[in-house]
Amino acid sequence: MRDNPTTGRPAPEPEHAPKRRSRRRFLLGGLVAGGALLVGWGVQAPRQRLHTALPLPVENGAVALNGWVALHPDGTVSVVVPRSEMGQGVHTALPMLVAEELDVPLARVRIAAAPIDKIFGNLTVLRENLPFHPDERGNVKDGVQWMLSKVGRELGIMFTGGSTSVKDAWVPMREAGAVARAMLVKAAAEDWKSPAAHCRTEDGFVLHRDGRKASYASLAARAAEVGAGIDASSVKLKQPREFRLIGKPVPRRDTPGKVDGSARFGIDARPAGMLYAAVRMSPVIGGAVASFDAVRVKDLPGVTGVVDFSASLGAFSGAGAGVAVVARSWWQAKQAAAALPVTWAEGAQAGLSSEAIYQGLTAALDNESGYAYYESGTQDVRGVARTVSAEYRAPFLAHAAMEPVNCTAQVVDGKVRLWASTQVPSIAVDVAARVAGVAREDVGIEVMLLGGGFGRRLEGDMVAQAVAVAMASNGKPVQLIWTREDDTTHDVYRPAALARFTARLDAQGRILAWNNKSASGAIGHQYFPRNLGLPGMGPDKTTAEGEYDMQYEIANQRIAHVIVDSAVALGYWRSVGHSHNAFFKEGFLDEVAHAAGQDGVTYRRALLARHPRHLAVLDAAVRAAGEAPAGRAHGVALHQSFGSIVAQVAEVSVEEADIRVHRVVCAIDCGIVVNPNIVAQQMESAVVFGLSAALGGEITIKDGRVQQSNFGDYPVLRMDRAPVVETIILPSAEPPEGVGEPGVPPVAPAVAAAVFQLTGKRLRSLPLRLA
């Protein structure tokens with residue numbers, strides 16, 4: 001069953017849905033049938049997502065109608081936005097959902113900070129962390145996802161990531177607006193002694209068909225009184241044909257502040273009396289502080305203290321053990337930290353190298369069959385006329401967000417206050433409480449704007465460090481800032497990976513069997529223990545996503561992965577496993593098409609006969625791209641990730657060894673579009689981000705040390721190298737899907753395909769290099 005686009009409730013299964021069996025189906029089915037108690041809890045209705053545990057804080061005469069919406073006497077509306085704004089546009093898109101159902105102009109909507117409350121937890125990100133194939137349908141998938149949604153509601157983790165912000169908010173935020181609207185209509189109807197059916201709403205007013213009119217502000221107090229019994233089950237959400245705001249190209253609400261400098265990022269926090277902290281962390285992966293001489297820096301200008309925060313980090317100690325120097329200005333702290341004599345215990349990873357890591361991945365592929373994320377048919381096929389095999393490789397990658405890693409913390413009288421640019425405020429609060437030894441309720445947080453997240457700010461290491469330093473600072477707030485070098489050499493990196501493919505073709509070039517096995521570390525095996533205190537074990541979807549879940553119609557498939565424990569800290573990087581697995585899968589499919597004597601577009605079309613949405617996206621991109629100019633070539637890639645289907649055509653030239661991307665045409669089907677401006681902006685951002693990695697991104701290890709340190713040796717795409725990006729958004733009546741990440745995966749394989757056409761060289765390793 002799939003969700004209805006407006007209600008999120010089950011809709012009929014499509015007739016063409018393929019019926020495939022897999023070991024995963026059996027294993028996940030066991031979660032549902034594993035015990036009577038679990039099943040009994042699972043069939044109960046999930047907890048409501050309309051009202052917070054404590055009343056929504058309001059002031060100056062405002063009236064809260066539920067946990068998301070409050071009305072002010074001046075006619076403005078506060079809407080709680082529980083997702084962090086990191087440039088992806090949630091401060092615009094999410095208020096649009098409420099404004100649409102509430103029938104209020106978006107210009108009258110204020111953004112309210114979200115309290116730490118479980119109704120704001122991200123249910124979608126947990127539910128979609130299961131390794132189901134997108135084409136799978138049935139009771140097992142529905143049951144397990146239902147169960148995971150309930151678990152997510154109980155955990156209440158406030159999480160901005162996985163391109164899930166709009167997907168997760170699509171129903172509850174619209175319901176919050178619709179319930180508030182129903183409460184206001186009821187209040188007006190009772191005041192007018194009229195049936196509610198005789199009333200309608202428009203632009204912040206309730207209108208009676210006889211001409212009477214009342215503003216929302218005038219009805220707010222009465223609505224809160226008489227409408228308390230109205231809940232989400234009793235309201236009807238608008239159908240897409242009724243939308244007046246959703247789907248419109250509304251300007252971004254965060255743009256003016258970023259232009260005039262009034263926007264406040266984490267690094268802009270300025271609580272009274274604030275001190276600054278600079279850090280020194282082990283240059284060797286997994287190293288620790290052996291000793292340091294604080295006396296040597298204590299008399300330097302502005303220095304107020306030196307703190308070894310290693311013991312306070314707990315699960316973060318392997319990635320961030322070190323010492324902080326606290327001073328009255330950042331420059332003073334940085335200069336003193338550089339002068340601080342520190343002796344390091346280098347530990348077991350002092351000899352670690354990139355070469356050894358890849359050797360370990362190679363050995364794993366040689367010796368292990370791997371966990372099969374998807375299997376259909378058999379690999380023992382007849383009629384094979386040709387076999388094509390290849391191995392692909394991707395490096396570790398750093399996040400390199402523009403805003404440096406930072407966190408401001410204050411610890412006084414058993415209370416902790418945080419000012420943080422974080423993607424996970426509830427986790428940040430838990431980390432702070434653990435380090436300070438206080439109750440969760442004794443931690444307050446102000447979530448600031450994020451100068452780039454990309455998954456790096458899903459971590460709590462900077463929070464743990466800041467709180468540990470603040471505890472030693474006599475009640476003064478302390479802003480801890482990493483340098484770019486600190487960030488590049490102490491990141492949680494995208495895993496390095498290897499992938500092997502074998503395709504068996506018949507005499508007509510059709511694929512009879514497809515075998516794909518990859519190896520890498522598992523992010524979840526590190527992230528869950530490090531940030532959530534949960535065990536990291538079993539299969540990790542992110543290792544094989546983008547490979548096992550492809551939509552190409554190949555009868556006989558085996559897609560497997562071997563997890564190789566990583567001494568290098570791993571983290572979620574924009575588009576996660578899709579970022580490299582799309583390069584592997586699409587690159588190899590181009591090789592197969594070439595071996596079959598066909599161009600990549602024609603070959604893909606033949607493999608998508610039962611996937612009309614994918615075909616439409618592919619055709620839209622190719623049609624818009626037209627013919628490549630003389631001296632250039634077009635490369636094409638198609639990939640589905642985070643629910644959205646994206647096809648890209650890269651227009652590329654090669655001069656000597658220089659690969660230059662001039663233009664990228666990007667077509668996307670992301671379901672119902674809330675704001676097309678944001679979709680286009682995210683595709684442009686994703687292309688630039690993906691090209692930075694495809695053409696230059698690489699983290700290497702030598703003697704246990706990360707070799708790159710700043711943008712000089714870890715380059716990002718410069719403005720003069722940025723291509724023209726044209727975005728085509730296909731209309732859809734399906735529920736909204738992810739947008740922030742799906743534009744990244746197709747970039748590298750599209751460029752590689754164009755390079756092959758120009759040079760005849762097949763590039764199977766990232767970053768793409770001809771020399």
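**Close-up views of a predicted model**

**Figure 1. D413 is an exposed residue, with a relative accessible area of 75%.** The view is taken from a predicted model. D413 belongs to the loop that connects β17 (406-412) and β18 (415-420). Although D413 is not a glycine, its phi is positive, at about 55°. Its accessible area of 75% lies over the 50% cut-off for exposure, so D413 is classed as exposed.

**Figure 2. A cis peptide bond joins L766 and P767.** The omega angle of this bond is about -5°. P767 is located in the segment that follows α22 (747-759).

**Figure 3. The largest nonpolar core comprises 74 residues.** The members that touch the most other members are F396, V416, L418, V463, V467, V469 and I701. With residues up to four places away in sequence left out of the count, V463 touches C407, L418, A428, V431 and A432. Another core, of 68 residues, lies apart from the one shown. Among the residues of that other core are A620, V664, L691 and A754.

Figure 4. The C-alpha trace spans about 80 × 75 × 60 Å along its principal axes. For 771 residues, a compact globule would have a radius of gyration near 28 Å, and the value of 27 Å for the chain therefore agrees with that expectation. Of the 771 residues, 58% are buried. Contacts between residues at least 6 apart in sequence join residues at least 24 apart in 77% of cases.

**Figure 5. The surface of the chain exposes about 30,000 Å².** Carbon and sulfur atoms supply 53% of this area. The chain carries 81 positive and 77 negative side chains. The centres of these two sets of charges are 3 Å apart.

Terms used: Residues numbered from 1 in each chain as written. Predicted model: local features only at pLDDT ≥ 70, side-chain atom pairs only at ≥ 80, totals over all residues. Heavy atoms only, no water. Rg over C-alpha atoms; globule rule 2.2 N^0.38 Å. Buried < 20%, exposed > 50% of the residue type's maximum accessible area, 1.4 Å probe, protein only. Contact = heavy atoms within 4.5 Å. Areas by Shrake-Rupley, 256 points an atom, 1.4 Å probe, with all protein chains shown as cover. Lys, Arg positive; Asp, Glu negative; His and termini not counted. Charge placed at Lys NZ, Arg CZ, Asp CG, Glu CD. Helix = DSSP H or I, 4+ residues; strand = E, 2+ residues; numbered from the N terminus. Core = buried A, V, L, I, M, F, W, Y, C linked by side-chain atoms within 4.5 Å.
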